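Subject: Structure handover

Hello,

Here is the structure I promised to pass on. Please open it before you read the notes below.

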There are 2 protein chains.
Amino acid sequence: MSITTKEIKLVVVFQNATEDELQLILKNSIVRSIEENEFFFFQGDDAQYLYILTSGQIKLMQSNPHGQQVNLRTIHPWQMFGALGAVRAEATYPATAQALEDSSALAIESGFLHKMLETSPHISFDMMTLMTSYIQEMQARYRELATERVEQRVANALIRLAGQSGIRSEKDAGIVLSFSRQDVAEMTGTTLYTVSRLFSEWERQGIIETGREKIKIIKPHDLVRIADGLEK
Amino acid sequence: MSITTKEIKLVVVFQNATEDELQLILKNSIVRSIEENEFFFFQGDDAQYLYILTSGQIKLMQSNPHGQQVNLRTIHPWQMFGALGAVRAEATYPATAQALEDSSALAIESGFLHKMLETSPHISFDMMTLMTSYIQEMQARYRELATERVEQRVANALIRLAGQSGIRSEKDAGIVLSFSRQDVAEMTGTTLYTVSRLFSEWERQGIIETGREKIKIIKPHDLVRIADGLEK
DNA sequence: CTTTGTCTTTGCGCTGACGCAAACAGGATT
DNA sequence: AATCCTGTTTGCGTCAGCGCAAAGACAAAG
C-alpha cells in the first residue's frame, strides 16, 4: 500500500506544503513497519530519521539512569515523532518510541529534512508553531505533576486519552481506552498499585468499568469533577 | 541607554539575522522597564508582545486554578520570553512573567513579528530549533519530577541554577545563588518547609552555606552525587 | 535603636502514596 | 483441560514529604 501526497497533507506541518514539496518528501522517505512492542528507536540513538506514523499507535517514553520510565505521549496516525532529534544536526533522540500495536511509519532522512527546511520556510514556521504547542502541553503537565494529587492526575490522563484515542461504543455511550494500569501509571508519575486501587474505587462508584488493559468511561462528568480537585 | 543591533545579535534566534532585519526589529519595538516584583504580563493576558530581556532577571511561572504555582524558568539578559503566546495569532500567554530585580526588556509587537517570520525564514528556523531545546528540557524536568525524590530534584535545581546564573565568588570558590526557599520549592514541585529542612541538613554536612535568599554551593560534587540518587 | 515585615527554621502530627508479597483472572498455547 | 504468561487486585506495613504553628533571624525603614 503506497502513500499519496494527499495523505501527507494530513500531517499538520505539511498542510501548507506545495505538491512539488510533497512529492519530494515521498521520494526521499522510506516506509518502516514494526510489530507490537517493537521499537522505532531508543533514547540515545543517533537521530537519523523523522517519522510520520501512517498506521498503528506508538508511545514515546523517557527513562532515567536507573531505568524508571515515564510516558511522554502516544502518537496516532499522521502525527510526527522523532522530530526533536531529527531537526538538529548530529543529535540523538531524547526519547524511546515503542509500538503499542503493529505500526507503519514514513521515515524521512534527517539530512534531507534539513535541506528542505532551508528551502521551504513555511514548513519551518509550521513546525515552530507545532513545537510551541508541545511546550505548552509539557508545561501544563509539569504544573499538574507538581501541584496536583495522584487522583486528579489520573483522572486528567483518562480525560486526555478519551479526547485523543477514545472509541465511542455506540451501545451504551461509554468511551473505551486500551491501556494497562502500568501505562497509566507511567503517564501520571505514579505506580501500578495506586492506579489499580483508584480504578477499583471508581468502579465501585460506577464512574468507570475496567477489564484487562481496558478502561470504559461511564461518567466522564464525574472524572472532570475529580480532576478539578473538588472531591473531598 | 539605547540598544544597538550588535546587542540584538546576542539573542540566539537573531544571531543569523541581517543588519537590515536587526534595524527593522529595533524600529518596531519599544523598551519596557519595570521594578522588582512587578509583572511584564500575566498568564491569560492577550499576547501582544514578544520580549527580549535587556537587563535584570525575571521568572516565568504558571498557576493552577487553585492558585498554587510552579516556576518554569528564569530568564537572563538577551533571552526571549513571551514567545509561546506571541508567535501564535490571537493567543494568550500561558505563563506569568515577574521581575526578580529591576528589569528592562525590548517589546516586539506580535503583528510585526508575524510579518517578519514570513519574510525571514532563517528566524523561523532558529526559533524552531530553540523551541525543540525547550521541549527537551521540559521533558527531562517532567521525568525528573515523576521519577526522582525531592532531595534529588532540589540538588538538580541547584546545579542547573549554578550553571545558568551562578556567580563565582573568587575568594573561596563557592557559587552563590540568590533565591528564597519558596522559589526553590516552586522550581522543584515541593514545599518551602522541605527545602528548608534539606538546606539545613546540607549545611550541617558542609555542602552548602545558606543565608536569607542566598545559597552558596561549597561542594558541587556532593550535590551531583545526591542528584544522581547515589545517596542512601 | 526600635519597629516592622519578610524570610527561615524546626517540632510535631498526619497521611497519601509507595511497594512487597501473595492470590487471583483471563487469554493464548499445547 | 491443563499450563503458562501476563496483567490485576488487595492486605499490610512503612515512610517521605506535607503543612500548621510558633519562634527565631535578618534587612530595611522610621
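The notes below go from the overall fold to the DNA contacts.

First, the ground rules. This is a predicted model, in which local features need pLDDT of at least 70, side-chain atom pairs count only at pLDDT 80 or more, and totals for chains, interfaces and linings use all residues. Residues are numbered from 1 along each chain as its sequence is written, while chains are lettered from A and ligands numbered from 1 in the order in which they are written.

**Chain A overall**

Chain A has nine helices and twelve strands. Helices (H or I, at least four residues) and strands (E, at least two) are DSSP runs, numbered from the N terminus. The C-alpha trace of chain A spans about 55 × 45 × 30 Å along its principal axes.

Of the 232 residues of chain A, 42% count as buried. A residue is buried if 20 or more other C-beta atoms lie within 10 Å of its own, exposed if 12 or fewer, and partly exposed in between; the C-beta atoms are placed from the backbone. Now take the contacts in chain A with a separation of 6 or more: 66% of them join residues 24 or more positions apart. Two residues are in contact if their C-beta atoms, placed from the backbone, lie within 7 Å.

**Two domains in chain A**

Chain A is assigned domain 1 (5-144) and domain 2 (150-227). Such bounds come from an automatic or database domain assignment. The C-alpha centres of the two domains of chain A lie 27 Å apart. Seven residues of domain 1 of chain A are in contact with eight residues of domain 2 of chain A. On the domain 1 side, strand S5 (residues 69-75) of chain A gives the largest share, four residues. By class, that side of domain 1 has two nonpolar, four polar and one charged residues. Here Ala, Val, Leu, Ile, Met, Phe, Trp, Tyr, Cys and Pro count as nonpolar, Asp, Glu, Lys and Arg as charged, and the others, Gly among them, as polar.

**Where the chains meet**

The contact between the chains takes 34 residues from chain B and 32 residues from chain A. Strand S5 (69-75) and helix H5 (121-147) of chain B each supply at least two residues of the chain B side. H5(B) gives the most to that side, with 19 residues. The chain B side divides into 18 nonpolar, twelve polar and four charged residues.

Look at Met128(B), which sits in helix H5 of chain B. Is Met128(B) buried or exposed? Met128(B) counts as buried because it has 25 C-beta neighbours inside 10 Å. Leaving aside neighbours within four places in sequence, Met128(B) is in contact with Val87(A), Ser124(A), Met127(A), Met128(A) and Met131(A).

**The core and a covered helix**

The largest nonpolar core has 88 residues, and Tyr51(A), Phe81(A), Tyr51(B) and Phe81(B) touch the most other members. A nonpolar core is a set of buried Ala, Val, Leu, Ile, Met, Phe, Trp, Tyr and Cys residues joined through C-beta atoms within 7 Å.

Helix H7(B) is mostly covered, with seven of its eight residues buried. Among the elements that cover those buried residues are strand S4 (58-63) and helix H6 (150-165) of chain B. Just after H7(B), Gly189(B) takes a positive phi of about 70 degrees.

**The DNA**

The surface near DNA strand C has five nonpolar, eight polar and seven charged residues.

DNA strand D is surrounded by 20 residues, the closest being Ser180(A), Ser196(A), Ser200(A), Arg149(B) and Thr194(B). There H8(A) gives the most, with six residues.

Best wishes

Key
A residue is near a molecule or strand if its C-beta atom, placed from the backbone, lies within 6 Å of it.
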